[in-house]
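This report is an introduction for a reader new to the structure. Please look over the sequence and the model before reading on.

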Amino acid sequence: MQLFLSKASLFFNPRTIFSSLTTMATSTSISLSSKPRLKGIVFDMDGTLTVPVIDFQAMYRAVLGHDEYLAVKSKNPSGIDILHHIESWSPDKQHRAYEVIADYEKQGLDRLQIMPGAAELCSFLDSRNIRRGLITRNVKDAVDLFHERFGVKFSPALSREYRPYKPDPAPLLHICSTWEVQSNEVMMIGDSLKDDVACGKQAGAFTCLLDETGRYDAPEYANVQHKPDYKVSSLVEVQSLLERDFELTS
């Protein structure tokens, strides 16, 4: 009987209960306040790492013709996927379309400038040992020129030659596999809802939309399928966002 009372007394000891509750509360607090880990960032190139100089709307009109351009644009409020659109064309028609696209891209290369804040953001990521990758729908020559001209390297750096290209999640998942990280430990940063955000969301990554002019605040983008986790108006804003919301780890 004495033994039973002793056990009961121990079991209902207020100090023991208080200690257990305190431990549970502390553990819950730590769990609730913990930040997601971020091990890598994948960037778009044109309009994200580089100042936008290609007039994409003019390029689309040149490829599609005025009437078809208006028809396709009305059906795709988040933007025209010109590469996907021309895939069903005849080989000769595709060839002519790619020549027009290549001409616009070459004009862009002649005026290539690094985006303000890009070099500083890359230096910050390097200081935290955060990996840097790149996915672009531009050609490999453009990526090579970017690396050479600005001395900032991204690896892997996947260009249009890698298929399927954005917005398919395959290139982002390939980079995650190469890095041996999970997609929810990576962020995709880009200036396109239809390409960059869609690619990132479908892969299961965090996404950040670079919207310098606020154009994505327009009503036609209110009901798009894939919405970003974050939106910034400059790459300068990204560092504070990362430090505030993520545990940065290699």
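In which strand is the place of Thr207? Thr207 sits in strand β6; helices (H or I, at least four residues) and strands (E, at least two) are DSSP runs, numbered from the N terminus.

The model is predicted, so local features need pLDDT of at least 70 and side-chain atom pairs count only at pLDDT 80 or more, while totals for chains, interfaces and linings use all residues. Residues are numbered from 1 along each chain as its sequence is written, and side-chain values use heavy atoms, with hydrogens and water left out.

**Overview**

The protein has eleven helices and eight strands. Of its 250 residues, 41% are buried, where buried means under 20% relative accessible area, exposed over 50%, and partly exposed in between (1.4 Å probe, protein chains only). Among contacts with a separation of 6 or more, 63% are between residues 24 or more positions apart; a contact means heavy atoms within 4.5 Å.

Mean pLDDT, the predictor's confidence in each residue from 0 to 100, is 86 for the protein, and 86% of the residues reach 70 or more. Over residues 1–32 pLDDT stays under 50, and the model has three contacts beyond four places in sequence for this stretch. Where pLDDT is low, the predicted coordinates should not be read in detail.

**The sheet**

Six strands make up an open sheet with parallel pairing, in the order β4-β3-β2-β5-β6-β7. The edges are β4 (157–158) and β7, each with a single partner strand, so one side of each has no neighbour in the sheet. Two strands pair if DSSP finds at least two bridges between them. Strands of a sheet pair through backbone hydrogen bonds, either parallel or antiparallel.

Strand β2 is joined to β3 (residues 131–135) by four bridges, and four bridges also link β2 to β5. The strands β5 and β6 are parallel as well, again with four bridges. Some of the bridge partners are listed here.

| Residue | Bridge partner | Strand of the partner |
|---|---|---|
| Phe43 | Leu134 | β3 |
| Val42 | Met188 | β5 |
| Ile189 | Cys208 | β6 |

Both faces of β2 are covered, with Gly40 and Val42 buried on one side and Ile41 and Phe43 buried on the other. In β5, five of its five residues are buried: Val186, Met188 and Gly190 point one way, and Met187 and Ile189 the other way.

Helix α10 (residues 193–203) lies across β5 and β6 and runs at about 165° to β6. For this angle, axes are lines fitted to C-alpha atoms, for helices over the stretch in contact, and angles run from 0 to 180 degrees between N-to-C directions.

Thr207 counts as buried because its relative accessibility is 0%. Beyond four places away in sequence, Thr207 touches residues including Met187, Met188, Val197, Gly200 and Tyr230.

**The nonpolar cores**

A nonpolar core is a set of buried Ala, Val, Leu, Ile, Met, Phe, Trp, Tyr and Cys residues joined through side-chain atoms within 4.5 Å. In soluble globular proteins, nonpolar side chains tend to be buried together.

Which residues of the largest nonpolar core touch the most other members? They are Ile41, Met187 and Leu242, in a core of 31 residues. At least two residues of this core come from each of β2 (40–43), α7 (118–127), α8 (140–150), β5 (186–190), β6 (206–210), β7 (230–232) and α11 (238–245). The largest share, five residues, is supplied by α7. Another core, of 14 residues, lies apart from this one and includes Tyr69, Val72, Ile86 and Ala97.

Leaving aside residues up to four places away in sequence, Ile41 touches Leu125, Ile130, Trp179, Met187, Ile189 and Leu242, among others.

**Cysteines**

How many disulfides does a search of the whole structure find? The search finds zero, a disulfide being a pair of cysteine sulfur atoms within 2.5 Å. Cys176 is in no disulfide, and the nearest cysteine sulfur to that of Cys176 belongs to Cys199, 9.3 Å away. For Cys199 too, the closest cysteine sulfur is the one in Cys176, and 9.3 Å is too far for a bond. Both cysteines are buried: Cys176 has 3% relative accessibility, and Cys199 has a relative accessible area of 0%.
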